[in-house]
Amino acid sequence: MRVIHVGLPQGMPFLKNTNKVQPLAKLWDTKAQKNGQRKTVYSVNGDKYTGEWQDNKKQGKGTQIWKKAAAIYDGDWKLGKREGYGTFSKLCPKTNRYARLYSGEWKNDKKHGQGTYYYSTTDAYKGEWRDGRRSGRGRMHYDNGDIYEGAWLHDKHHGLGMIQLANGNRYEGSWQDGKKNGQGRFLFWERGQIYKGLWVDGVCKCGTLSDYGRDDAPMPSKSPFPKVGLLDAQSVLMEAESTFLKMLF
């Protein structure tokens with residue numbers, strides 16, 4: 001008996017199956033990639049985002065709701081951070097409605113550029129921001145009726161600025177770290193007087209006090225200031241200021 005072996009003809013190529021099957025984990029990851037406009041995406045902590053994506057990061061227009069902080073941001077995003085123009089609001093427990101706190105420009109997830117922040121219904125700032133703080137030129141309305149307009153640095157009056165007090169008095173001049181520092185003038189509207197001179201940490205140290213609008217003042221002094229007969233009053237004042245500054249520094 002002869003045994004015959006049947007096989008493929010010699011020289012015939014062996015064909016391989018080139019249709020590779022991707023692992024399920026990779027398929028799921030591909031489907032989970034967030035790009036373009038997406039419906040609301042929920043986080044395990046209850047936060048949710050509705051808007052545009054790019055490479056799994058918030059990019060473009062979108063609305064983020066933080067559940068625990070009871071806050072909403074609606075505006076521009078870049079690489080997963082607030083950047084561009086947008087509004088930030090928080091939930092008011094009394095009305096159960098969202099109240100806008102900030103409206104303006106953002107950069108790197110912080111208030112940066114021009115914007116308005118509402119601290120309360122009567123307390124608001126409109127002006128420049130840098131890295132989340134008031135810096136640059138801006139106008140602040142305080143809830144006690146005072147109004148400050150001028151330069152800011154790190155949330156404090158710094159540089160040249162003017163504050164109009166609720167009682168009508170006004171200061172115009174130099175500021176440093178939130179206090180009157182340097183040359184400035186203070187108008188006592190009720191008395192019809194004005195002080196011009198040097199200030200240090202909010203206290204007037206060396207200057208002149210004279211009548212200013214005394215006839216229209218509601219509570220003027222009993223008698224006007226007498227005229228000083230110094231030949232060179234300015235030189236005397238400058239020398240006094242120089243002496244005082246040497247004592248300080």
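## Salt bridges

A salt bridge is counted here when a side-chain nitrogen of Lys or Arg lies within 4 Å of a carboxyl oxygen of Asp or Glu. In this predicted model, aspartate 109 and arginine 82 are joined in this way, with 2.9 Å from N to O. Because aspartate 109 lies in the loop between strand 6 (97-107) and strand 7 (110-118), while arginine 82 belongs to strand 5 (residues 81-92), the pair ties together parts that are 27 residues apart in sequence. Aspartate 109 is partly exposed at 31% relative accessibility, whereas arginine 82 is buried at 12%.

The structure holds 6 salt bridges. Among them is the one between lysine 61 and aspartate 76, whose closest N and O atoms are 2.6 Å apart. Lysine 61 is in strand 3 (residues 57-66) and aspartate 76 in strand 4 (residues 71-78), so this contact ties together parts 15 residues apart in sequence. Lysine 61 is exposed, with a relative accessible area of 52%, but aspartate 76 is buried, at 16%. Elsewhere, Arg170, Glu172 and Arg185 are linked in a network of salt bridges.

## Aromatic rings

The count of aromatic pairs comes to 19. The rings of tyrosine 102 and tryptophan 106 have centres 5.2 Å apart and planes at 90°, so they form an edge-to-face pair; both residues are buried. Tyrosine 117 and tyrosine 119 make a tilted pair, with 4.6 Å centre to centre and 50° between the planes.

## Charges over rings

The charged end of lysine 180 sits over the ring of tyrosine 171, 5.5 Å from its centre, and arginine 191 lies over the face of phenylalanine 188, at 4.3 Å from the ring centre.

Key:
Residues are numbered from 1 along each chain as its sequence is written. This is a predicted model: local features need pLDDT of at least 70, side-chain atom pairs count only at pLDDT 80 or more; totals for chains, interfaces and linings use all residues. Side-chain values use heavy atoms; hydrogens and water are left out. Rings of Phe, Tyr and Trp (its six-membered ring) pair if their centres lie within 6.5 Å; planes under 30 degrees apart count as stacked, over 60 as edge-to-face and the rest as tilted. Buried means under 20% relative accessible area, exposed over 50%, partly exposed in between (1.4 Å probe, protein chains only). A charge sits over a ring if NZ of Lys or CZ of Arg is within 6 Å of the ring centre and within 35 degrees of the ring normal. Helices (H or I, at least four residues) and strands (E, at least two) are DSSP runs, numbered from the N terminus.
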